[in-house]
Amino acid sequence: MKRRFLLGASALAATLGLTGLAQAQDLPPLEQKDSYTVGFAQSESNNPWRIAETKSFQDTAATCGWNLIVTDAGGSAAKQVADVDSMIAQGIDVLFLPPREESPLIPAVMRAKAAGIPTFLVDRSVDPNVAQAGRDYVAFLGSDFVDQGRRAAEYMMENFEGEQGLIIQLEGTTGSSPANDRKSGFDEAIAGNDKFQLLESRSGDFARDEGRQVMETLLQAHPDVNIVYAHNDEMAIGAIQALEAAGRKPGEDVFVYSIDGTRDALQAIIDGKMEVTVESSPFFGPLACETMKRYAAGETIEPWVKVEDRIFTAENAAEHIDEAY
Ligand code: AHR
């Protein structure tokens, strides 16, 4: 993620000979006022992470002066595009968008810019080879997904005590930035380490039930698996259910590594069924408010407003479960 953003920004500056300020001037301006009509086009609401993210925007609305319009695309990129188009037609002042996948939402981002609406991508990004922060949208607010995958791999490599780690990877939504980046971060970290072998990597679409079903299938093909790396906690919990239904013992003969920090994942860590979850915070409301206000005040916003993530293990899961979602 970091590399892709830096390349995008510097390539753009080199090509156009622009400073950061000039790039920002190319974007739609935002006037300072007491209240704004704000669109938040959610991609789906099928897991606790998405629900917590939407709630964070709703909880922030009153204090930030937002008249907030929230839509739910129900897991369809086409519906999310239509939702953004509808918000543009309604005359929103600002758009906050977590693009479900990297490519299909780009036309909607471009139309928002053409309509004079500053857009902030939150949590997920778009293909930086096509649309870029500082030119097509104001900024990306979110985690370093490559680093999350790398940290899950590093924790696994430091703590796995077996002789040979045989891994099944459950990927997130195909074509989404977290799935692409969490895979590359993990795969690059284990490359060249002979102790670990990736048996198979398949999408569970970031969903618990799909994670469970994919794990059931892959368990039959790879009964020797002893590690599961899931791109989010919902799929990790689904995998644990599949493992237990097959008579396996998560935490004893199969070790589960994941990303997010949901309440169910922290409970699974406390119960000894999951090793780690690298945090990926869904609480974007306050950061979105602060960044929007900085932009309205005329500040040039950095292309990537980065969220720092913690890591939850058996050492601190109990301490943090009450703040989890
Ligand atoms: O984009 C962030 C990911 O999307 C979260 O890890 C996942 O739970 C959500 O669906």
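On a 1 Å grid over the protein atoms alone, a cavity is a set of points where a 1.4 Å probe fits but cannot get out. A molecule sits in a cavity if more than half of its atoms lie within 2 Å of its grid points. The model here is predicted: local features need pLDDT of at least 70, side-chain atom pairs count only at pLDDT 80 or more, and totals for chains, interfaces and linings use all residues. Residues are numbered from 1 along each chain as its sequence is written, and side-chain values use heavy atoms, with hydrogens and water left out.

**Exercise 1.** Find where the ligand sits.

*Solution.* Start with the cavities: the ligand sits in the largest cavity. Next, look at the domains (bounds from an automatic or database domain assignment). Domain 1 (36-140 + 283-306) and domain 2 (145-280) both give residues to the shell around the ligand, so the ligand lies between them.

**Exercise 2.** Work out which side chains have an N or O atom 2.8 Å, 2.9 Å or 3.0 Å from a ligand oxygen.

*Solution.* Polar contacts here are pairs of N or O atoms within 3.5 Å. Take R182 to begin with: its side chain gives the 2.8 Å pair. Then turn to R124, at 2.9 Å. Finally, N232 supplies the pair at 3.0 Å.

Notes
A polar contact is a pair of N or O atoms within 3.5 Å; within protein, one must be able to donate a hydrogen and the other to accept it, and residues adjacent in sequence count only if both atoms are side-chain atoms. On a 1 Å grid over the protein atoms alone, a cavity is a set of points where a 1.4 Å probe fits but cannot get out, and a pocket is an open set with protein on both sides within 12 Å along at least five of seven lines; lining residues have an atom within 4 Å of a point.
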